[in-house]
Amino acid sequence: GALYIASWLIRNGYETEIYNMDINRYTVSDLIEKIYEYKPDVVGLSGIVSTTYKYIKKIALAIKDEKLDIPVILGGQLSRAADIVLKNTLVDYVVIGEGELIILSLLAHLKGERPINEVKGIAYRKEGEIIFNPPGDQVRDLDSLSQPLWELIEMDRYTPHPIERWGGFIDNGAQFSKHFIDNLDDDVRSFTIMTGRGCTDWCTFCSRNIKGLRKHPHEFI
């Protein structure tokens, strides 16, 4: 998700860099050093699951403690708890829903080009009150986003051997081709791509910020 946002921003004229604290196990202090080095105008955090809450709280506090005067934006599934995040952390804005269109509008506001009440799909604090703006628009044509710019990440960190990635599923009887499994070379690598967005169901344990199901056509995949 963060890679799609970063790639979309670059295609729209912004300079953007991905700093994956999760896969590299960087500390909050490492991130602060990176911010001093990179000097961003905005920091975006991606909260994938609820367990990231304490981490994001610590990151936002560290940025504000440094008096860096940088807006902190949160996206990802944790945005479903926007009210909790805004009440208990120093995150400035929460993006609720698909971020590509929303982030462009929010950045326009931060540059003084658009009033905050016209930015769809965000929640924020105003005079001690938490404000939820109307929902943002969904990306109608997924192909328009094109593929993420893979060069923004360390691809070797994301391409393990298939057994390393799916071994547990295979051992538990997943219907992989036996021929495929028995003929894997050591240098074979696996990678996950996104073929659509959304879902048809409403599972109680899952967080959904978007409606419906949209898919890329076969040619795109």
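## A charge over a ring

The charged end of Arg 197 sits over the ring of Tyr 4, at 5.3 Å from the ring centre; the criterion is that NZ of Lys or CZ of Arg lies within 6 Å of the ring centre and within 35 degrees of the ring normal. The model is predicted, so local features need pLDDT of at least 70 and side-chain atom pairs count only at pLDDT 80 or more, whereas totals for chains, interfaces and linings use all residues. Residues are numbered from 1 along each chain as its sequence is written, and side-chain values use heavy atoms, with hydrogens and water left out.

## Overall architecture

The protein has eight helices and seven strands, taken as DSSP runs (helices H or I, at least four residues; strands E, at least two) and numbered from the N terminus. Its C-alpha atoms fill a box of roughly 65 × 40 × 35 Å along the principal axes. Of the 221 residues, 36% count as buried (buried is under 20% relative accessible area, exposed over 50%, partly exposed in between; 1.4 Å probe, protein chains only).

Among contacts (heavy atoms within 4.5 Å) between residues at least 6 apart in sequence, 61% join residues at least 24 apart.

## Nonpolar cores

In soluble globular proteins, nonpolar side chains tend to be buried together. A nonpolar core is here a set of buried Ala, Val, Leu, Ile, Met, Phe, Trp, Tyr and Cys residues joined through side-chain atoms within 4.5 Å. The largest such core comprises 24 residues, and those with the most contacts inside it are Ile 35, Ile 63, Leu 74, Val 91 and Val 94. Two or more residues come from each of H3, S1, H4, S2 and helix H5 (82–88), and H4 contributes the most, with six.

Beyond its neighbours within four places in sequence, Val 94 contacts Leu 74, Ser 79, Ala 82, Val 85, Leu 86, Gly 121, Ile 122 and Ala 123. Another core, of twelve residues, lies apart from the largest one and includes Ile 102, Leu 107, Ile 116 and Val 119.

## Aromatic pairs

Rings of Phe, Tyr and Trp (its six-membered ring) pair if their centres lie within 6.5 Å; planes under 30 degrees apart are stacked, over 60 edge-to-face and the rest tilted. The count is three aromatic pairs. For Tyr 93 and Tyr 124 the ring centres are 6.5 Å apart and the planes meet at 45°, so this pair is tilted. Tyr 93 belongs to strand S3 (residues 93–95) and Tyr 124 to strand S4 (residues 122–126), so that the pair links distant parts of the chain, 31 residues apart. Both tyrosines, Tyr 93 and Tyr 124, are buried.

Trp 150 and Phe 191 form an edge-to-face pair, with 5.1 Å centre to centre and 85° between the planes. Trp 150 lies in the loop between strand S5 (129–132) and helix H7 (162–171), and Phe 191 in the loop between helix H8 (178–182) and strand S6 (196–198), so the pair ties together parts 41 residues apart in sequence. Trp 150 is partly exposed at 28% relative accessibility, as is Phe 191 at 31%.

## Lysines in helix and loop

Most residues other than glycine have a negative phi. Lys 39, however, has a positive phi near 55°; this residue lies in the loop between helix H3 (28–38) and strand S1 (43–46) and is exposed at 63% relative accessibility. Lys 67 also has a positive phi, of about 55°, in the loop between helix H4 (53–65) and strand S2 (72–75), and is exposed, with a relative accessible area of 70%.

Lys 34, in helix H3, is buried, with a relative accessible area of 19%. Not counting residues up to four places away in sequence, Lys 34 touches Glu 17, Tyr 19 and Lys 39.
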